[in-house]
Amino acid sequence: MAATTASSAPAPALTFPRPIFAAVAPHPFLQAHLAASKASKAPLRANNRTAQQFRRVGINTGSLTHSNGSAVVRLGNTSAVCGVRAEILKEEDIQGTADFAPSTGHEEHEDPERERQEIEALRLLVPNVELSTGSTPQHIPGSAPSTFAQQLITRIRSLLLSTSLVRLDDLRIKYLPPSNPDDPDSEPQQQIRGYWVLYIDIFYISIDGNAFDAAWLAVLAALRNSVVPRAFWDEDLETILCSDDPSEAHSLSLRGLPIPSTFAVFEGKRDWNESGEEDQVDWVLSDPDAFEESVCRESVCVVVDCSGGKRGTKDGILRKVEKNGGSVVDRDMMKGLVKRAVDRWAEVEKAISGKP
């Protein structure tokens, strides 16, 4: 009797748990999630976000006490720490400063392009990225800098220069000599005695996709948090000194607030309907996580700055666009991505400014 009952029992269904299904067949796994809610207006991804939904940004500044400025940024499970260290570079230790020195003591008109050239030539902004901190299994602690880390450094430095984010006046250490008693009518010429060099170090606590956005937001928040002491040239000692009065220190007056938004294009398996036409099965995913990045070959990064517009408006400046791989995103789709980036700018700006 027992044998008969056992033989009549139905065979167990061949199913896989979600983590195993995602590891064995990542592409069908993600497409199954998006296609399951294809009829709805907002398809859900495997992480329960809609295609257009970004992860919430968490920002905490001033965490590192031994730096001029610091910030910790959390983007979902991606966390990055940025510390800004300011060091004095004397004028006699570098070459080429005479090509950029101001000629008079009057206030110069701002020229972002000329400032960018001087900052780039003298290497006054030095970003560095450290991945080998146990943040991800792909980067073992103690290993040499990876290609991915070098790419992040290049992208961060390029965006710092192209946006002219840091004003040169905050980095110059100037000296205006007294009037010449032999020629009181002559106007003294302002001299540059040194520069502040900003070493921008980014360390990852964990990486779960979209590492560039997290790194740049950490850099942006840390620079806004940075305070530089007043440096001056002492004519008697013939050296640069720093004031120990905290009230004389000044914050960096950044130029704008450029915020990036990264998107990944998921190309699903092509289907054909009864009329012989191809169904659209491509999705543009905002703020991709590590799993989505592994199955998407096309990515787009849009950097916008809406700080110049009036509050409550959508006025903004398109600072930079990066597109890698694939050919799904065309001009019309790019307009939609720019709109997504503009909408996200207001949310990130609140997080950076500490607004509720």
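1. **Overall fold.** Among contacts in the protein with a separation of 6 or more, 68% join residues 24 or more positions apart. Keep in mind that this is a predicted model. The protein holds 8 helices and 16 strands. Its chain runs to 356 residues, and 41% of them count as buried.

2. **The main core.** The largest nonpolar core takes in 76 residues. Ile156, Leu160, Leu198, Ile202, Tyr204 and Leu223 have the most contacts inside this core. Helix 6 supplies the largest share, with 12 residues. A second core is separate and has 12 residues, among them Phe266, Trp283, Leu285 and Val295. As background, nonpolar side chains in soluble globular proteins tend to be buried together.

3. **Leu198 up close.** Leaving aside neighbours within four places in sequence, Leu198 is in contact with Val84, Arg85 and Ala86, among others. Its partners also include Leu124, Leu125 and Val126. Further along the chain, Leu198 touches Leu223 and Leu252. Val166 and Leu171 are in contact with Leu198 too. Leu223 also belongs to the group with the most contacts inside the core.

4. **Helix 5 against helix 6.** Helix 5 spans residues 147-162 and helix 6 spans residues 211-225. Their axes come within 11 Å and cross at roughly 45°. The two helices are therefore oblique to each other. The crossing is right-handed. On helix 5, the contact uses Phe148, Leu152, Arg155, Ile156, Leu159 and Leu160. On helix 6, Ala211, Phe212, Ala215, Trp216, Val219 and Leu223 take part. By class, this contact has 11 nonpolar, no polar and 1 charged residues.

5. **Helix 6 against helix 8.** Helix 8 covers residues 331-353. The axes of helix 6 and helix 8 come within 11 Å, crossing at roughly 45°. That makes helix 6 oblique to helix 8. This crossing is right-handed. Asp213, Leu217, Leu220 and Arg224 of helix 6 meet Arg344, Val348, Ile352 and Ser353 of helix 8. The residues of this contact divide into 4 nonpolar, 1 polar and 3 charged.

6. **Helix 4 against helix 5.** Helix 4 is made of residues 112-122. It packs with helix 5 at an angle of about 145°, and their axes are 9 Å apart. Arg116, Ile119 and Glu120 come from helix 4, while Arg157, Leu161 and Ser162 come from helix 5. The count by class is 2 nonpolar, 1 polar and 3 charged.

7. **Ser261.** Is Ser261 buried or exposed? It counts as buried, because its relative accessibility is 0% and the cut-off for buried is under 20%. Ser261 sits in strand 11, residues 259-267. Not counting residues up to four places away in sequence, Ser261 touches Phe54, Asp213, Val300, Cys301, Val302, Ala341 and Arg344.

8. **Leu64.** Where does Leu64 lie? Look in the loop between strand 1 (57-61) and strand 2 (69-75). Leu64 is partly exposed, with a relative accessible area of 39%. Leu64 and Cys82 are 18 residues apart along the chain, and their C-alpha atoms are separated by 8.9 Å. Leu64 touches Cys82, along with Ser70, Val81 and Gly83, when residues up to four places away in sequence are not counted.

Conventions: Residues are numbered from 1 along each chain as its sequence is written. This is a predicted model: local features need pLDDT of at least 70, side-chain atom pairs count only at pLDDT 80 or more; totals for chains, interfaces and linings use all residues. Side-chain values use heavy atoms; hydrogens and water are left out. Axes are lines fitted to C-alpha atoms, for helices over the stretch in contact, and angles run from 0 to 180 degrees between N-to-C directions. Helices (H or I, at least four residues) and strands (E, at least two) are DSSP runs, numbered from the N terminus. Angles under 35 degrees count as roughly parallel, over 145 as roughly antiparallel, 65 to 115 as roughly perpendicular and the rest as oblique. A crossing is left-handed if the near helix is turned anticlockwise from the far one by less than a right angle, and right-handed if clockwise. Contact means heavy atoms within 4.5 Å. Ala, Val, Leu, Ile, Met, Phe, Trp, Tyr, Cys and Pro count as nonpolar, Asp, Glu, Lys and Arg as charged, and the others, Gly among them, as polar. A nonpolar core is a set of buried Ala, Val, Leu, Ile, Met, Phe, Trp, Tyr and Cys residues joined through side-chain atoms within 4.5 Å. Buried means under 20% relative accessible area, exposed over 50%, partly exposed in between (1.4 Å probe, protein chains only).
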